[in-house]
Amino acid sequence: MLEFAHQEHIKTYYYDSRNQDIKQPALTDHQLADVCVIGAGFGGLSAALELAERGKTVIVLEGARIGFGASGRSGGQAINGFEDGIDEYVKELGLEQTRKLWEMSLEAIDIIDERVAKYNIQCDWKKGYATLALNNRRMDDLIAIEKASHETFGYSNMQLWDKAQLQQHLGSDIYVGGLYDTNSGHLHPLNYCLGLAKACLDLGVQIYEQSPVIDLEISPSKVVVKTDRGVVTAANVVIATNAYVADLPYRIQHGTARKILPVESFIIATEPLSQSLADSVINNGMSVCDNNLLLDYYRLSADNRLLFGSDSSTNVDMVQVMRQNMLHVFPQLENVKIDYGWAGPIDMTINSKPCFGRISPNVFYAHGYSGHGVALTGIAGRVIAEAIEGDDTRFSVFESLKVPSIYGGRIIKNLATKIGVKYYKLLDKYR
């Protein structure tokens with residue numbers, strides 16, 4: 001329990017290239033606030049920032065360090081839409097509610113634009129994102145996505161590329177084509193997270209690190225939040241621990257952890273590439289993923305390293321696995337050294353839908369971003385702030401999504417993950 005508590009950042013390329021150090025004390029006394037946020041990643045800091053901008057007093061409690069989880073070590077892709085297909089949302093919610101979700105997913109990208117500009121966050125934010133197909137059947141899926149987004153939502157930022165068009169920008173021969181989105185993009189996740197934290201601090205938010213929450217006492221008028229060394233009493237609480245929700249005691253998360261299936265994602269970072277070699281990989285600055293169920297994703301960093309990641313679940317030497325995956329895509333990197341390799345959990349749900357809700361009228365949670373957390377955490381923080389201020393119209397749209405639970409605890413979840421990975425690998429082989 002609380003395996004993340006009191007840990008320091010792991011060694012990653014992002015940590016070694018961070019552009020500021022923000023270290024905050026642990027909570028050791030009793031504090032009062034309008035809102036207490038649990039978790040200092042993208043989701044928690046987004047909610048804190050939105051609330052502080054609205055004049056609320058906010059305290060953020062982090063069990064480890066700011067950006068310790070996926071917010072500090074993810075692939076950094078900020079993508080519109082959702083992991084599950086648009087048609088699945090239409091079936092469940094109808095076209096009108098699905099349109100609202102789509103518009104909020106676009107607003108999530110706008111939020112990054114706004115915050116980077118407003119708070120001068122230096123995080124290498126760059127637009128351009130391509131989803132690539134490994135065969136014609138998967139290219140048909142991309143064609144359907146472009147058609148649905150254009151005809152249903154009037155979205156005109158996507159461009160279908162055939163193999164020849166793709167190869168003008170990507171130095172790989174394994175894809176048949178792709179779908180390029182000029183609005184989605186990528187950033188340095190830890191520097192963005194630290195930038196959000198600084199913006200929060202500048203607005204008076206108190207952030208306490210190394211302060212794991214061990215209990216909640218919920219009543220209609222207040223919530224008492226207990227850490228291992230201090231207490232916060234607040235009118236409202238936001239739980240934003242994402243994949244680490246499974247580590248929280250039941251008396252804090254009240255079964256919401258059953259909705260989350262943590263999946264390990266692995267990333268390697270090469271040594272800096274020469275400009276000519278970097279251009280032979282990606283020459284337009286875009287980030288990339290394929291549309292496998294177990295997908296590869298990659299991009300160039302600001303200093304021309306290739307960051308290459310995959311979702312998996314195995315105990316083998318993942319650096320070597322990632323290197324081989326990378327060379328399958330870019331054989332021209334055979335003689336390039338790998339400088340970094342790291343892993344981290346992603347908060348997936350069984351049906352890939354985000355999982356927002358309320359444990360009580362004054363305790364909110366948002367997780368289950370399923371690989372779209374860089375962007376969606378921004379809109380999550382905004383709609384939670386709106387709900388706390390009394391308008392839950394937009395939060396309720398997310399809250400109405402049905403997300404199946406997984407029963408049986410961590411052992412069953414680990415088994416489900418392993419079985420799921422093998423099943424997805426089989427599907428990827430034949431679809």
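**Around arginine 382**

Modeller: Let's begin with a side-chain pair: arginine 382 makes a polar contact with glutamate 50, side chain to side chain, at 3.0 Å. Keep in mind that this is a predicted model.

Colleague: Which helix holds arginine 382, and is arginine 382 buried or exposed?

Modeller: Its place is in helix α12, which covers residues 373–388. The relative accessibility of arginine 382 is 15%, and the cut-off for buried is under 20%. So the helix is α12, and arginine 382 is buried.

Colleague: Setting aside neighbours within four places in sequence, which residues is arginine 382 in contact with?

Modeller: Glutamate 50 has already come up as the polar partner. With the neighbours within four places left aside, the contacts are Ser46, Glu50, Arg54, Glu107, Ile111, Glu114 and Arg394.

Colleague: How many residues of α12 are buried?

Modeller: The helix has 16 residues and spans 21 Å from its first C-alpha to its last, close to the 22 Å expected. It is largely enclosed by the rest of the structure, because the buried count is 16 of the 16.

Colleague: What follows α12, with a positive phi?

Modeller: The phi there is near 115 degrees. The residue is glycine 390.

**Strand β17 and its partners**

Colleague: Which strands pair with β17, and in what sense?

Modeller: Strand β16, residues 355–360, pairs with β17 over five bridges in the antiparallel sense, and a hairpin of two residues joins them. Strand β10, residues 231–239, pairs with β17 over three bridges. So the partners are β16, antiparallel, and β10, parallel.

Colleague: Which residues of β17 stand opposite isoleucine 239 and cysteine 355?

Modeller: Isoleucine 239 stands opposite tyrosine 365. For cysteine 355, the bridge partner in β17 is histidine 367.

Colleague: Where does aspartate 290 lie, and is aspartate 290 buried or exposed?

Modeller: Aspartate 290 lies in strand β12, residues 287–290. Its relative accessibility is 2%, so aspartate 290 counts as buried.

Colleague: Which backbone nitrogen lies 3.0 Å from a polar atom of the aspartate 290 side chain?

Modeller: Leaving aside neighbours within four places in sequence, aspartate 290 is in contact with Thr131, Leu132, Leu134, Tyr175, Leu295 and Asp296. Methionine 139 is 151 residues away in sequence, yet its C-alpha is 10 Å from that of aspartate 290. The backbone nitrogen you asked about belongs to asparagine 292.

**Cysteines**

Colleague: How many disulfides does the structure hold?

Modeller: Take cysteine 193: the closest cysteine sulfur, in cysteine 200, is 9.3 Å away, which is too far for a bond. A disulfide needs the sulfurs within 2.5 Å, so cysteine 200 is in no disulfide. The number of disulfides is zero.

Colleague: Are cysteine 193 and cysteine 200 buried or exposed?

Modeller: Cysteine 193 has a relative accessible area of 0%, so it is buried. Cysteine 200 is also at 0% relative accessibility, so cysteine 200 counts as buried.

Key:
Residues are numbered from 1 along each chain as its sequence is written. This is a predicted model: local features need pLDDT of at least 70, side-chain atom pairs count only at pLDDT 80 or more; totals for chains, interfaces and linings use all residues. Side-chain values use heavy atoms; hydrogens and water are left out. Helices (H or I, at least four residues) and strands (E, at least two) are DSSP runs, numbered from the N terminus. Buried means under 20% relative accessible area, exposed over 50%, partly exposed in between (1.4 Å probe, protein chains only). Contact means heavy atoms within 4.5 Å. A polar contact is a pair of N or O atoms within 3.5 Å; within protein, one must be able to donate a hydrogen and the other to accept it, and residues adjacent in sequence count only if both atoms are side-chain atoms. The expected span of a helix is 1.5 Å times one less than its number of residues.
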